[in-house]
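Let's take a friendly walk through this structure, one region at a time. Keep the sequence and the 3D view open as you read.

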Number of protein chains: 2
Amino acid sequence: MEILKGSITAPEGFLAEGVACGLKKNGQPDLTLVISDTDATVAGVFTTNKVKGHSLVRSMEKLNGTPKRGIIINSGNANACVGDEGLSDADTMAAAVAHAIGCHPDAILTGSTGVIGKRLDMNAVLSGVTQATRLLDTSEEAGHRAEKAIMTTDLIAKEGVVRIQAGGQTITLAGMAKGSGMIHPNMATMIGVMTTDARIAQPLLQQMLRDVTGRTFNRVSVDGDTSVCDMVVIMANGRSQAPEIQPGTPEATLFQEAMTTLATHLSRLIARDGEGATKLIDIVVNGAATPEDAYKIVLAVGRSPLVKTAMFGEDANWGRILTAAGYSGADFDPAGCDIYLGSLKVCAHGNALLFDESEAKKVLKKDEIQIRIELQDGGFSDRLWTCDFSYDYVKINGSYRT
Amino acid sequence: MEILKGSITAPEGFLAEGVACGLKKNGQPDLTLVISDTDATVAGVFTTNKVKGHSLVRSMEKLNGTPKRGIIINSGNANACVGDEGLSDADTMAAAVAHAIGCHPDAILTGSTGVIGKRLDMNAVLSGVTQATRLLDTSEEAGHRAEKAIMTTDLIAKEGVVRIQAGGQTITLAGMAKGSGMIHPNMATMIGVMTTDARIAQPLLQQMLRDVTGRTFNRVSVDGDTSVCDMVVIMANGRSQAPEIQPGTPEATLFQEAMTTLATHLSRLIARDGEGATKLIDIVVNGAATPEDAYKIVLAVGRSPLVKTAMFGEDANWGRILTAAGYSGADFDPAGCDIYLGSLKVCAHGNALLFDESEAKKVLKKDEIQIRIELQDGGFSDRLWTCDFSYDYVKINGSYRT
């Protein structure tokens, strides 16, 4: 299934806009709207952090199966840990959008990302809403501007489009995401918005999103930290001529595959654009005794600063990979463990192999490196995307707030 | 209780030496002996990593309650993941020492630290043993040389001496440690050797060491990685004139307090000397509902690259501290959470406080920073030492092996 160029407005009936309203000190775009011109079914997954941003808490509350019209997301300020005003500010943001487009405030979800513990400048937000609602547009460019305005330390835009055929008709899915630091599994890990013109009932959409997120957005780690504002939402407005997607049909399988393809694409972009990253690291474990063991190993290897700095230094230090697997908490037999860097085997049965260092250098020089761990304990696999750990990660994060 | 200057040879009847035998490419000292001139009771705690170095596995096997005479430790090579020869190399090291000092090989423990997956150069090791056994000495300087020869990326020596009075006699404890990267709790986390001239039965010594390690060596994190060679051992040779330490007596309490003081000192030095560290970070949690919750929070905050880079950048980014607590898995009420940097309160009831940024700068400029998290969920506390995360961590670890 192919990833096409395009933006969040690619499916029928979606408008978007991104503007600069003054929340970011540097004057960069910081307020995004994604709106469906008709009611849409919406599903969402949210951070499992005990501490949650106010805009996110509001979205969790409003996501009760009733139709929605869109979402407003600001960057530059997380709207988190500011007390009761945080929730009322989120309500005000949503109400302003609802007023402008003519819908109930509960039909507008809210998201925020940025610095924690500072109150939103509501004058800026409201003037941004006025400006953005006036400009709302179905063009591809408007979608690109929407993506731009949710980015924080991101260096590259994370967007993609997938098309499938169902009942002789085209269904389009589009997605955009932000996320570069504070990225780790088991919270929805970033802000992601997907749109589709498919017709699908909310419970099925929610179940699919949860499954897909588990294998994509929740399999990205940049630094082991996870934010209080992480959310992934998908809006389905049924504007395609294709019949409604029914559970258990080939169309449902195809639609979920399209969502997986799109989410995988966005997840890999997040890992590749990890703060300070110079390489995408694709970590694969096969042959684990249980799914949990496979997961623990990809997680520990993908989180290890020692593995990540070795990849940055293009050093074939497989001992650190085996060591991370060893402390992961997974039950496995080290004596059955083979490790590959790309196609080069560097460790057999848990022991050193004499390998060609110049071959290893070739693999490690690439901007995408696969670390593959083959166990002999069972039939379970897992996979996680991360990045290397460079000087720039420290630079970016040493003075983020001030 | 005061930490005195001195080295591992401070207690009666201990000899030590450290020499350069050629395992380290740069010619630095890399082979250490610590020997008791009479039989000693020995206790040890070892890494919980599934992957274990061969020298460490041998020590675990030999630590069966029988008396020991000493330990040989090499640096520059972990003697790990090299197959069956690894264990026989460890046996050979021990046998060479035993032959030179006249004891059974099983009375000599073994430790190794350094690069994983390369076989030990046994010619170098054996010539080092010949040299070191010839030079073995009770002088303070010999002890300092022993410390020097277990260091890898360590920049400062980690040594200390504590003295207590029991039955009108002096008991001396001394310790040395190495550890700078691959440091994280729940494995014995580094190589530490303590000596004492106390007389004490093995089971009591083992129980005390386990308790003390739990609150000291296992409360240090540099990078969340843990090695396959971590061990802490203590040798007690009974050469002091003080009576044997009996369980449940004031002397036992005093002795354990001395061990705790010494181990705390060494643990703080390890955190302060963390790879690339510019600051020691002391993380304290009070008011947690359970000990596990307190532990989870200090662990998550102490491991967070975002917290650690903020400390490097002297940025009072308390939002990252609260966020790390939030994803730690601990059950706590964020609305009851206060956060202090030094004595400056920066977050009250989980929300932002207007604090004096110049006061914050003063706290953050210091080379030791306390992060204190006050909860209102119960009466449990925990504490962990870590360091900030700097450019140099990446530099040191980007090309360690090659």
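In β3(A), which residue is the bridge partner of Leu33(A)? The partner of Leu33(A) is Ile72(A). Please bear in mind throughout that this is a predicted model.

One of the positions to look for is Gly44(A), whose bridge partner in β8(A) is Val233(A). Is β2(A) mostly covered or mostly open? It is mostly covered, since 12 of the 16 residues in β2(A) are buried. As background, strands of a sheet pair through backbone hydrogen bonds, either parallel or antiparallel.

## The open sheet of chain B

Now move to chain B, where 6 strands make an open sheet with mixed pairing, in the order β12-β11-β10-β13-β9-β14. Its edge strands are β12 (351-352) and β14 (380-387), each of which pairs on one side only. Within this sheet, β10 (residues 338-341) and β13 (residues 368-374) of chain B run antiparallel and share 4 bridges. Asp338(B) stands opposite Glu374(B) of β13(B).

Helix α6, residues 250-272 of chain B, lies across β9 (280-288), β13 and β14 of that chain, and it runs at about 50° to β14(B).

## Helix α10 of chain B

Which residues of α10(B) are buried? In this helix, residues 357-365 of chain B, the buried ones include Ala360(B), Val363(B) and Leu364(B). They lie on the same side of α10(B) because they cover an arc of only 90° around the axis. In general, an α-helix has 3.6 residues a turn, so residues three or four places apart point the same way.

The cover over the buried residues of α10(B) includes α8 (305-312), β10, β11 (344-348) and β13 of chain B. On the face turned away from the buried side you will find the exposed residues Lys362(B) and Lys365(B).

## Aromatic pairs

Across all chains there are 3 aromatic pairs. One of them brings together Phe312(A) and Tyr391(A), whose ring centres are 5.5 Å apart with planes at 90°, so the pair is edge-to-face. Phe312(A) belongs to helix α8 (residues 305-312) of chain A and Tyr391(A) to helix α11 (residues 391-398) of chain A, so the pair ties together parts that are 79 residues apart in sequence.

A lysine accompanies each ring: the charged end of Lys308(A) sits over the ring of Phe389(A), 5.4 Å from its centre, while the charged end of Lys308(B) sits over the ring of Phe389(B), 5.5 Å from its centre.

How values were computed. Residues are numbered from 1 along each chain as its sequence is written. Chains are lettered from A and ligands numbered from 1 in the order in which they are written. This is a predicted model: local features need pLDDT of at least 70, side-chain atom pairs count only at pLDDT 80 or more; totals for chains, interfaces and linings use all residues. Side-chain values use heavy atoms; hydrogens and water are left out. Two strands pair if DSSP finds at least two bridges between them. Helices (H or I, at least four residues) and strands (E, at least two) are DSSP runs, numbered from the N terminus. Contact means heavy atoms within 4.5 Å. Axes are lines fitted to C-alpha atoms, for helices over the stretch in contact, and angles run from 0 to 180 degrees between N-to-C directions. Rings of Phe, Tyr and Trp (its six-membered ring) pair if their centres lie within 6.5 Å; planes under 30 degrees apart count as stacked, over 60 as edge-to-face and the rest as tilted. A charge sits over a ring if NZ of Lys or CZ of Arg is within 6 Å of the ring centre and within 35 degrees of the ring normal. Buried means under 20% relative accessible area, exposed over 50%, partly exposed in between (1.4 Å probe, protein chains only). The arc is that of the directions from the helix axis to the C-beta atoms.
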